[in-house]
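This report concerns a single protein structure and is arranged by topic. The sequence and the coordinates are shown first.

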Amino acid sequence: MKHRSFLRGNPAAYLAAPLAFALVTLALLAALSRVFIAPYLGIWSWFLSTNAAAETPAADLFSTAITTPENEGAESIPLSSITYPNEGDRYGRITISGTAVDAPVYYGDTNAILNQGVGTYKDDSRAGIPGESKTVLLAGHNNTFFNDLQSVEVGDTVTIETHYATYTYTVEACKVLRYDDTTAYDFTRTDENLILYTCYPFDALGFTPDRYFVYASYTSGPALDAAG
């Protein structure tokens, strides 16, 4: 008695066997991919979320500020009454008498910020914004916004208009120091003082080890009362 071949009797079997093998192979690859690819998908998801957060548009507090004339004559105003800037926010404008310096002031001092205007150092809690009775450290590029710091003289008036009040400072000294000179600023001070700095020489392009510092003392403007 002859037995009929399954394949000869069922031509569809010629397709069923490779298809079954392919499905098993795909299932194995899918299982393996979850093990090996999942970590990379997690990194990619983190990268996208980080970029999305970084691209959150900054606020222009200065141009949208509500005029508050009562702040200008006040000795102090409650810190809680103002909108404290976040990194990238424009919150003021700086001008210096007798010079061409006239630039927007931003919170933070990243390269992106310094390409838009003058930046405020924020990476030490002892540094602050005008009115906080701290050291206010502002940076600007030597070939753009702070190029005319070279024209500053002792006695000049620095004016910083913010979205909450106007502050003035009187220039006391100008110095050329190295970029890593820790004596260039003192964040332990608890009195309002202003330091401006830029790369030196003023016509230098790219990295230079020297910085030009302008030191100014507080003249006027309301204090920001942290207890208020």
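## Basis of the model

The model is predicted: local features need pLDDT of at least 70, side-chain atom pairs count only at pLDDT 80 or more, and totals for chains, interfaces and linings use all residues. Residues are numbered from 1 along each chain as its sequence is written, and side-chain values use heavy atoms, with hydrogens and water left out.

## Strand pairing

Helices (H or I, at least four residues) and strands (E, at least two) are DSSP runs numbered from the N terminus. Two strands pair if DSSP finds at least two bridges between them.

Strand β7 (residues 166–178) pairs in the antiparallel sense with strand β6 (residues 157–162) over five bridges. β6 and β7 form a hairpin, with three residues between them, and Glu 161 stands opposite Thr 166 in β7. β7 also pairs with strand β9 (residues 210–220), in the antiparallel sense and over 10 bridges; here Val 171 stands opposite Ala 216 in β9.

## Backbone geometry

Most residues other than glycine have a negative phi, and most peptide bonds are trans. Ser 133 is not a glycine, yet has a positive phi of about 60 degrees. Ser 133 is found in the loop between β4 (118–120) and β5 (135–139). With 30% relative accessibility, Ser 133 counts as partly exposed (buried means under 20% relative accessible area, exposed over 50%, partly exposed in between, with a 1.4 Å probe and protein chains only).

The peptide bond that joins Tyr 200 and Pro 201 is cis, with omega at about 5 degrees. Pro 201 is found in the loop between β8 (193–200) and β9.

## The largest pocket

The largest pocket holds about 350 Å³ of space. Of the 21 residues that line the largest pocket, the closest to its centre are Leu 114, Ala 139, Tyr 197, Cys 199 and Arg 211. The elements that give two or more residues to this lining are α4 (111–114), β5, β8 and β9, and β8 gives the most, with three residues.

On a 1 Å grid over the protein atoms alone, a pocket is an open set of points where a 1.4 Å probe fits, with protein on both sides within 12 Å along at least five of seven lines; lining residues have an atom within 4 Å of a point. Grid points are joined across faces, edges and corners, and the volume is the space filled by probe spheres set on the points. The lining divides into 12 nonpolar, seven polar and two charged residues (Ala, Val, Leu, Ile, Met, Phe, Trp, Tyr, Cys and Pro count as nonpolar, Asp, Glu, Lys and Arg as charged, and the others, Gly among them, as polar).

## Aromatic pairs

The structure holds 11 aromatic pairs. One of them, Tyr 84 with Tyr 107, is edge-to-face, at 5.8 Å centre to centre and 85 degrees between the planes. Tyr 84 lies in the loop between β1 (76–78) and β2 (90–96) and Tyr 107 in strand β3 (residues 102–107), so the pair ties together parts that are 23 residues apart in sequence. Tyr 84 is partly exposed at 32% relative accessibility, whereas Tyr 107 is buried at 12%.

Tyr 185 and Phe 187 form a stacked pair, at 4.9 Å centre to centre and 25 degrees between the planes. Rings of Phe, Tyr and Trp (its six-membered ring) pair if their centres lie within 6.5 Å; planes under 30 degrees apart count as stacked, over 60 as edge-to-face and the rest as tilted. Ring pairs link Tyr 121, Tyr 185 and Phe 187 into a cluster.

## Cysteines

The whole structure has zero disulfides (pairs of cysteine sulfur atoms within 2.5 Å). Cys 174 is partly exposed at 28% relative accessible area, and Cys 199 is partly exposed at 22% relative accessibility.
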